[in-house]
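The structure comes first, and the notes follow by topic.

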Amino acid sequence: MSRIVIWVSLAVAILWSLTTADIGLGKLPGAGVRLADFLGRMLPPDLSIWPEVLNGLAETLRIAILGTLFSVILSSGLAVLASENLMPPAIWRPVRAVLAVIRAIPLILVAMLMVGAVGLGPLPGILAVTFHATGMLAKFYAEAIDNVASAPVAALESAGANTVQRLRWAIWPQMAPVVLRDTVFRFELNLRESLILGIVGAGGIGLYIQTYVRSFQYEKAATVTLAIIVLVLLSELINGALRKRFS
Amino acid sequence: MSATVALSNISHQFDGIAALQDVSLTVKPGEIVVLLGASGAGKSTLLSLLDGRLDEWQGQAEVLGSKLSEGTAPTRQKRTEVGFIFQEFALVDRLSVYQNVMNGRLGHMRVWQSLWGRFDERDHMAVSAALRDTGLADLARRRTDQISGGQRQRVAIARCLAQEPKLILADEPVSNLDPAHAEKILALITGQARKRGIGVIFSSHQPELSQRFADRIVGLRQGEILFDSPAGQITQDHIKQLYYGDTPGGGLRVVS
């Protein structure tokens, strides 16, 4: 595609958005005052609710951990089926297509469906995270298998190693850092996404945010927000260190 | 004593082109043979055949007294008897030097035991001996991606020696090394083979180095054996014919 076509397309897209979005710029001047009022009502945060907040965070953490664990188990099997190197096109193509469809469904929609299927609580959250994360992890794992250098595998075969030994001592050492890095990355995503699952009744801290905001208890909502920020920063710190370790 | 390698009328086609044409070759026990030729001459293909990794070939082949069958992979036991040193080393970068050398022992081990990294004393001894013989004892705990190209080549040789093969095959083992290192590596491979009384067949496109380390040189051109002579009897005419046989005038081209 020529550069002119790209620039013209970009300009058309921006102009179309600006002229049809009904942005209502007139609302902006008063926004600062309203925002200041809103933030003012959040201060000081009501720290007396910390036991509830801790419970909510713990439930979110459990959803993220178990959702990641189950998606790792499912993805390990699906990755083999989605591997171009290990499977014929008649198998890996449809499997990859299914994984793409899974990835395309928003987590919150999956969570709503799961709440409808199994009721309120952490279980629909765990199922939703498992389902959603599997779409990504299985694809990443399959790519890790396909990117393994074949020469060391051939060398071990030549030395008399059988398939399982080759998998253990030539294939796994090559793909392990990628698999571990992707899993840690996915856990971080799962944790962030689990924070809002409570809004649709799928367990976790999200329920508290929704409850406090809807009942105008902004100082309590502020406490929950602060706790979430601390949790996300901590997870980023730990995951960053783990990813560095696995590289 | 029966031959280490006995090939008769071997042919193989790759993408419609004859990679090997009617190749017959016999190698005696303990002999060091070089397959000499330009790129695409069929050297690597011939070595793959001897290692039991070539598909769709015709003719009769026997290695260490066992017949090779087209389409049937050699057993684990048979694979352990033939060691192969790969041109690009074929090491697992994230593993230690020690584990890479231990990988050469996998064919000798009980599978489930090997999966947990529980190796027998005999395996540890074979690895230690291979590391000592290749001058790598001090690097045993280093990760393989943290050592130099020459050291990586030594690891590939140590892995092959730890396998305790009865025949060593090497595909252009020094093509990635500078002349000084190339000489050291060939001295190492052939020296260790002679010490252990086993044969070596390696491919090369470096005539002078080949003559220094081989008992016999087999010249391959376009998948055919052009000559098969004791290393001491190879002349410049042999080399010219091998590399420039199709050049008008048949001689070396002088670039001013």
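**Briefing on the predicted model**

Met125(B) is exposed, with a relative accessible area of 54% (buried means under 20% relative accessible area, exposed over 50%, partly exposed in between, with a 1.4 Å probe and protein chains only). The residue Met125(B) sits in helix α5 of chain B (helices are DSSP runs of H or I with at least four residues, strands runs of E with at least two, numbered from the N terminus). Its C-alpha atom is separated by 33 Å from that of Leu54(B), 71 residues apart along the chain.

This is a predicted model, in which local features need pLDDT of at least 70 and side-chain atom pairs count only at pLDDT 80 or more, while totals for chains, interfaces and linings use all residues. Residues are numbered from 1 along each chain as its sequence is written, chains are lettered from A and ligands numbered from 1 in the order in which they are written, and side-chain values use heavy atoms, with hydrogens and water left out.

**Contact between chain A and chain B**

- Chain B contributes 26 residues to the contact and chain A 20 residues (contact means heavy atoms within 4.5 Å).
- The two chains bury about 1,900 Å² between them, with 63% of it on carbon and sulfur atoms (buried area is the accessible area, 1.4 Å probe, that two parts lose on being put together, summed over both).
- One salt bridge is counted between chain B and chain A (a side-chain nitrogen of Lys or Arg within 4 Å of a carboxyl oxygen of Asp or Glu).
- Glu157(A) forms a salt bridge with Arg79(B), and their closest N and O atoms are 3.8 Å apart.
- On the side of chain B that touches chain A, α2 (76-81), β6 (82-85) and α4 (111-115) of chain B each supply at least two residues.

**Aromatic pairs**

- Five aromatic pairs are counted over all chains (rings of Phe, Tyr and Trp, the last by its six-membered ring, pair if their centres lie within 6.5 Å; planes under 30 degrees apart count as stacked, over 60 as edge-to-face and the rest as tilted).
- Phe38(A) and Tyr218(A) are edge-to-face, because their ring centres are 4.7 Å apart and their planes at 65°.
- Phe38(A) lies in helix α2 (residues 31-42) of chain A and Tyr218(A) in helix α10 (residues 218-246) of chain A, so the pair ties together parts that are 180 residues apart in sequence.
- Phe38(A) is partly exposed at 30% relative accessibility, whereas Tyr218(A) is buried at 8%.
- The rings of Trp169(A) and Phe119(B) have centres 5.9 Å apart and planes at 45°, so this pair is tilted.
- This pair crosses between chains, from Trp169(A) in helix α8 (residues 163-194) of chain A to Phe119(B) in the loop between α4 and α5 (121-133) of chain B.
- Trp169(A) is buried at 6% relative accessibility, and Phe119(B) is buried at 13%.

**Salt bridges**

- The count over all chains is 23 salt bridges.
- Arg41(A) pairs with Asp37(A) in a salt bridge, the closest N and O atoms being 3.0 Å apart.
- Arg41(A) and Asp37(A) are four residues apart in helix α2 of chain A, so about one helical turn separates them.
- Glu172(B) forms a salt bridge with Lys43(B), the closest N and O atoms being 3.4 Å apart.
- Both Glu172(B) and Lys43(B) are buried.
- Arg212(B) and Glu183(B) meet through their side chains in a salt bridge (2.9 Å, N to O).
- Arg212(B) is exposed at 53% relative accessible area, and Glu183(B) is partly exposed at 32%.
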